[in-house]
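Student: I would like a close look at the surroundings of the ligand. Then please go over the side-chain pairings and backbone details elsewhere in the chain.

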Amino acid sequence: MTEAEIRETEPGSPALTLQGVSKSYGGTHAVAGIDLEVPAGMYYGLLGPNGAGKTTTLSMISGLLRPDRGEIRVCGVDLRTHPRDAKKRMGVLPDRLRTFDRLTGRQLLYYTGMLRGMKPGVVADRTADLAGALDLGDALGRVVSDYSAGMTKKVMLAAAMIHSPQLLVLDEPFEAVDPASAAKVLEILDAYVASGGTVLLSSHGMDLIEKVCTRVAVLVAGQVLEEGTVDEVKGDLTLEQRFVELAGGLGEVEGLEWLHTFSD
Ligand SMILES: Nc1ncnc2c1ncn2[C@@H]1O[C@H](COP(=O)(O)OP(=O)(O)OP(=O)(O)O)[C@@H](O)[C@H]1O
């Protein structure tokens with residue numbers, strides 16, 4: 001497919017679909033046959049308590065893990081049968097900040113651009129734009145292993161966006177990012193979504209999800225317990241209250257009385 005064809009996703013056609021997707025690790029059913037449809041041109045939130053299967057789901061979507069069963073389509077392209085076509089439509093910020101951290105920020109973005117088949121001049125221009133927008137200018141000459149957690153996240157976000165994909169898959173994009181930088185990243189993402197891009201994000205920040213997402217899916221124990229617009233899912237509650245309810249409520253904390261008797 002040509003770049004022009006790639007850009008021409010029909011308005012309203014899904015940016016991502018999952019059908020019957022499952023993944024087990026030994027005896028642990030991390031993701032148990034989920035269906036999801038993420039419409040194009042919106043923020044879509046994937047929520048769930050610790051261990052619910054969010055990272056496993058995002059890793060399968062980004063092609064880092066192979067599902068045991070089920071089908072994943074990125075802008076209509078089957079990830080299993082056409083992985084290159086599907087992956088070039090996607091930019092990914094993985095959960096753990098594993099990257100080629102012996103490279104400088106500039107080298108990492110150059111390397112990413114080359115892997116994406118971009119022209120060096122375009123990579124250089126976009127690197128300058130992204131570094132300016134994300135306040136990374138001074139850091140580009142330093143190796144990524146010397147970055148703070150927030151700076152690493154920002155340079156990896158820049159790497160996810162450099163080839164202007166149709167879908168951004170972001171696992172906890174704002175964790176460790178300071179509020180001023182987070183506001184800037186959101187501004188960039190808002191403009192991206194307004195121009196038809198799709199952001200699938202996983203976050204434990206309920207306020208953020210409630211503020212930016214049009215639709216959400218709540219994953220609990222590897223299954224989609226609830227899916228819909230934010231208003232549909234939260235009903236009369238806040239999204240956080242609804243999340244706690246779906247995750248099984250607060251329960252009583254018992255058996256930690258020893259914590260209240262201090263040792264010498
Ligand atoms: N590599 C692995 N090997 C074995 N079990 C795993 C592996 N990765 C994840 N799991 C298990 O799969 C389940 C889902 O984990 P996953 O990391 O997808 O959850 P999550 O929703 O992203 O959690 P969190 O919010 O804590 O990041 C958990 O029970 C976890 O222990």
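Tutor: A polar contact is a pair of N or O atoms within 3.5 Å; inside protein, one atom must be able to donate a hydrogen and the other to accept it, and residues adjacent in sequence count only if both atoms belong to side chains. This is a predicted model, in which local features need pLDDT of at least 70 and side-chain atom pairs count only at pLDDT 80 or more, while totals for chains, interfaces and linings use all residues. Residues are numbered from 1 along each chain as its sequence is written, and side-chain values use heavy atoms, with hydrogens and water left out.

An N or O atom in the side chain of Thr56 lies 2.6 Å from a ligand oxygen. The side chain of Lys54 also places an N or O atom 2.7 Å from an oxygen of the ligand. Ala52 takes part through its backbone, where an N or O atom is 3.1 Å from a ligand oxygen. On its own the ligand has 640 Å² of accessible area, and the protein covers 57% of this (Shrake-Rupley method, 1.4 Å probe; for residues, only the protein chains shown count as cover).

The shell around the ligand (residues with a heavy atom within 4 Å of it) consists of Tyr25, Thr28, Ala30, Pro49, Asn50, Gly51, Ala52, Gly53, Lys54, Thr55, Thr56 and His204. Two elements, β2 (28–39) and α2 (54–61), each give two or more residues to this shell. Helices (H or I, at least four residues) and strands (E, at least two) are DSSP runs, numbered from the N terminus. Helix α2 supplies the largest share of the shell, 3 residues. Sorted by class, the shell holds 4 nonpolar, 7 polar and 1 charged residues; Ala, Val, Leu, Ile, Met, Phe, Trp, Tyr, Cys and Pro count as nonpolar, Asp, Glu, Lys and Arg as charged, and the others, Gly among them, as polar.

Now the salt bridges. The structure holds 9 of them, each being a side-chain nitrogen of Lys or Arg within 4 Å of a carboxyl oxygen of Asp or Glu. One is formed by Glu226 and Arg242, whose closest N and O atoms are 2.5 Å apart. This pair links distant parts of the chain, with Glu226 in strand β10 and Arg242 in helix α10 (residues 239–246), 16 residues apart. Arg242 is buried because its relative accessible area is 17%, and Glu226 is partly exposed at 23%. The cut-offs are under 20% relative accessible area for buried and over 50% for exposed, with partly exposed in between (1.4 Å probe, protein chains only).

Another salt bridge pairs Lys234 with Glu210, the closest N and O atoms being 3.4 Å apart. Here too distant parts of the chain are linked: Lys234 sits in helix α9 (residues 230–234) and Glu210 in helix α8 (residues 206–212), 24 residues apart. Lys234 has 17% relative accessibility, so it counts as buried. Glu210 is partly exposed, at 26% relative accessible area.

The bridge between Lys88 and Asp85 has an N to O distance of 3.6 Å. Lys88 and Asp85 are 3 residues apart in helix α3 (residues 83–88), and therefore about one helical turn separates them. Lys88 is partly exposed at 35% relative accessibility, and Asp85 is partly exposed at 21%.

A polar atom of the Thr127 side chain lies 2.7 Å from the backbone oxygen of Val123. Thr127 is buried because its relative accessibility is 4%.

Last come two backbone angles. Most residues other than glycine have a negative phi. Glu172 is not a glycine, yet its phi is positive, about 45°. Glu172 belongs to the loop between β7 (167–171) and α7 (179–194), and with 13% relative accessibility it counts as buried. Ala221 also has a positive phi without being glycine, near 50°. The loop between β9 (215–220) and β10 (223–229) contains Ala221, which counts as exposed at 58% relative accessibility.
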